[in-house]
Amino acid sequence: MPRGELPRCLRRAVDSLSTLPRPQCDQTIRQARRSLQPSTSRCLLSTTTSPSSSLVNNNSSNSSFERFTAAPEIRFETQDDTNKGGQGGKINLRTLRIVPASPSYFSAKPTFTDDFINLTALLRTVATLPVVTPAEAPKVAWRTVDQYRIMTNEPVKTQRFHKMLHVLRRLNCIHPTLMPKQVSDAMLRYKKAAQPGDIKPPPGIIDQAGRAKGVGRRKTSSAVAWIVEGEGEVLINGKSLAQFFGRLHDRESAMWALKATQRLDKYNVWALVTGGGVTGQAEALTLAVAKALLVHEPALKPALRRAGCITRDPRKVERKKPGHVKARKMPTWVKR
Amino acid sequence: MPSSVCIRSISHLVRDRAAHTSIASRCLFAAPQSAGFSTSAARYALPSKKKTGTVAAPKRGVKSLNVKKGRKGVQVDTAKRPAQGERRALRKRIVLSNNNALEVPYLTDLEKTSALSKKNQGQVKGLPEEVVDSLRAVEAFKPTQGWSLFRRPATLIRKETVQLAALLKVAEGHVNSTEQAVEGREDGEAVDGAKEVAEVTAEEAVAVAVAEEGPKKTIRRVIVGEKMSGKSSLLLQGLALAFVRGWVVINLPDAQDIVNAHTAYAPLPESEPTQYTQDIYTANLLSQILKANKGFFSNTTPITTQPELGVPLPANTTLEQLVNIGINNPDISWPVFVALWAELTLPGRPPIMLGIDGLSHIMRNSEYFSADVKPIHAHDLTLIRHFIDHLSGKSSLPNGGMVLAAISKSNSPTSAALDFSISVAEARQARSGNLPTWNLYTKVDQRVMDVLKDIEVIKVGGLSKAEARALIEYYAASGMLRAKVDEPFVTEKWSLAGMGNVGELERATVRLRV
């Protein structure tokens, strides 16, 4: 249970006793909590068990929880009746029994237990919905165990967490068109703040001169290429392709995006390259030209991907480590 | 050193006790135990013991364990060394034919009448047999060029070649044909597009001016362009055209050979400031001239001037005999060259083509030193001075002719003055208002600046796509390129060759076949 949970329970219990009408008070608290943790649908039935309460009904309609029986309701009226005249409306605190908000309060990891129970309960309700294969399900970056531990402040075991992740993945496999709002809201709590595909780069534009720009990198080189429709002329840093790249192989790899798609005679390229060596510059140009070409012809993306012009090669020089001669090489063994 | 050793040994011999037993006992000197010539004693002596003792442990990081095998018997390399000059000969070898290449059926030779025609543009033309011999004699073929790939030498007549051919016409003094050439080029311009307009119009203006001035003109040009763009090849084409047209061709095949102090030199008497002749080189040049211009030398009349050569000339000496005198007596090769030049510039002689490759080598100090150990400027060498006088316009060719110098981009010492002059000439020809200015913080070679003051350039750019296609089709017809020659193929190669750089095009299509 997060820090401050117990005092809050206490305060709420006291408040519920002192202020009237109670249901409203409860409502406000719950709203506050909801705003904090939107998908948490923990059972917050402090001392209320009566099905007559509208709130409870509302809650159970939102997410079907397993009912449990808490301690019986405190009958203030009867207490008032008994203490009439004697205490004058004052409540005998000794008679109060504080009931925790969650039935898992006495387990070691109440929040996690609640989460797990809620999710399994949710899954039970939506189990019959059609699913897609996990490969087709939308890609989600779930919170890691460590992030979840920090969030809940509970020592959750990795294995338990993974069991919960199984449930979440199963929920994520519900057919996207039929995904209930309830489920997607519940899953929100376990997702990372940033999801893959969240950041979409702005689509490339062809300016009024007909140029499209692309940027590519490889090793320590970075290249910017502008492409216009033309007849195959290339200028790199103000030099022609043959002047800039002595090796034919480098020339071909610089123009590979155009060559692989048979567009070498359709576009002119004007590029700037900095950093790195000859090969790195050539391969940085491959990516830059491919990206610029995609602005002109977005339909070429699969062809370019097959040609290997889309994915950036992330390999870089490995750093040297202390105690090593190079990145991995150890000094020669010496007998004495 | 050996002589003194021998003398000492003989003296030992004299003192040998075996020879002089009588004095042996009385000999007080510590006589040698063996004959002085013998080295056996030293050889068979017991080897000195190795120093023994405790060897310090190897230092940390020092490799102490030597497990290499075969340390004792060091393998003596018994392979046969190439003979002197063999490697150089192999390096400089010119191969002009390839028996495995196919004969190209449509290939026609350059002919005297149609060689300078504008219609040749974009065609591959074969070089006639005798022209090939002449070009070989003047060493116009370079080992780096791809002549050895094809059945017989042939060249692509490109835009710049046609431009050069028009200039040849101007030099020959064909006024009418000049105008035609100019008109023709205008047509060509319209086809080519506006890109080359500035360049060509400048050329044209010159041509027109020349045409108006007089019948026979001296055309002076420097061929510039990117690396592998065909500068030397254009020079070769110019020489070939000159040979075809019956000009006298004098070519300095590589400027580097003249200035790199590999040939003998001597101060020219009575020259102020001192000039230097290179007798062996000049004699060699004379033999090249003789071999290359066989047609001219075989049918010339006897010489008319009376040169002072120091050797008596027989009556009715022909030009060929004169040149042979120079070849056989390198000492007087320079006076013979001067006499030959005087003969060549007489009225009625054919136009002269002067060519040089690797211009930047002669635009600085040579590797030679003067008597007071000062570097000799290349322009103080007589041969170069002769060439430079014509390139700068100081002297002209009375019978018309052309002075053609090609720069090199791969083997060229930096010559700031040459670079600057070329950039100025390009700007002038492009009719751009702001000419480049000399950077005052760089050292100026004033002699070079003066020489190249009003030089004009022929800029060798990339091939057009039509020319590239003609060339690639020739490659395919020769069987050296096995690919379907179509528009995408040509464009791809044209692009990868850096917008039609002809050397790169050749590399990409026929040299580097994957």
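Analyst: Happy to. Let's start with one arginine: B:R220 has a relative accessible area of 18%, so this residue is buried. Please keep in mind throughout that the model is predicted.

The side chain of B:R220 meets that of B:D454 in a salt bridge, at 3.9 Å from N to O. This pair joins distant parts of the chain, since 234 residues separate the two partners. B:R220 sits in strand β4 (residues 218-225) of chain B, while B:D454 belongs to the loop between α17 (446-451) and β12 (457-460).

Turning to chain A, four residues are linked in a network of salt bridges: A:R218, A:E283, A:D313 and A:R315. Over all chains, a search of the whole structure finds 33 salt bridges.

Now for the place where the chains meet, with A:K259 as our guide. Within chain A, this lysine forms a salt bridge with A:E252, with 3.2 Å between the closest N and O atoms. A:E252 counts as partly exposed because its relative accessibility is 22%. A:K259 also reaches across to chain B, where its side chain meets that of B:E492 in a salt bridge of 3.2 Å, N to O. Between chain B and chain A the count is two salt bridges, and seven residue pairs are in polar contact.

On the chain B side, the elements giving two or more residues are α19 (487-496) and α20 (502-511). Helix α19(B) supplies the largest share, six residues. By type, the residues on this side divide into nine nonpolar, four polar and seven charged.

As for the contact as a whole, 20 residues of chain B touch 19 residues of chain A. Together the two chains bury about 1600 Å², with 61% of that on carbon and sulfur atoms. In chain B, the residues losing the most area to chain A are B:S495, B:L496 and B:M499, which together account for 35% of what that side buries.

Technical notes
Residues numbered from 1 in each chain as written. Chains lettered and ligands numbered in written order. Predicted model: local features only at pLDDT ≥ 70, side-chain atom pairs only at ≥ 80, totals over all residues. Heavy atoms only, no water. Buried < 20%, exposed > 50% of the residue type's maximum accessible area, 1.4 Å probe, protein only. Helix = DSSP H or I, 4+ residues; strand = E, 2+ residues; numbered from the N terminus. Contact = heavy atoms within 4.5 Å. Buried area = accessible area lost by both parts, 1.4 Å probe. Polar contact = N/O pair within 3.5 Å; in protein donor to acceptor, adjacent residues only side chain to side chain. Nonpolar A, V, L, I, M, F, W, Y, C, P; charged D, E, K, R; others polar.
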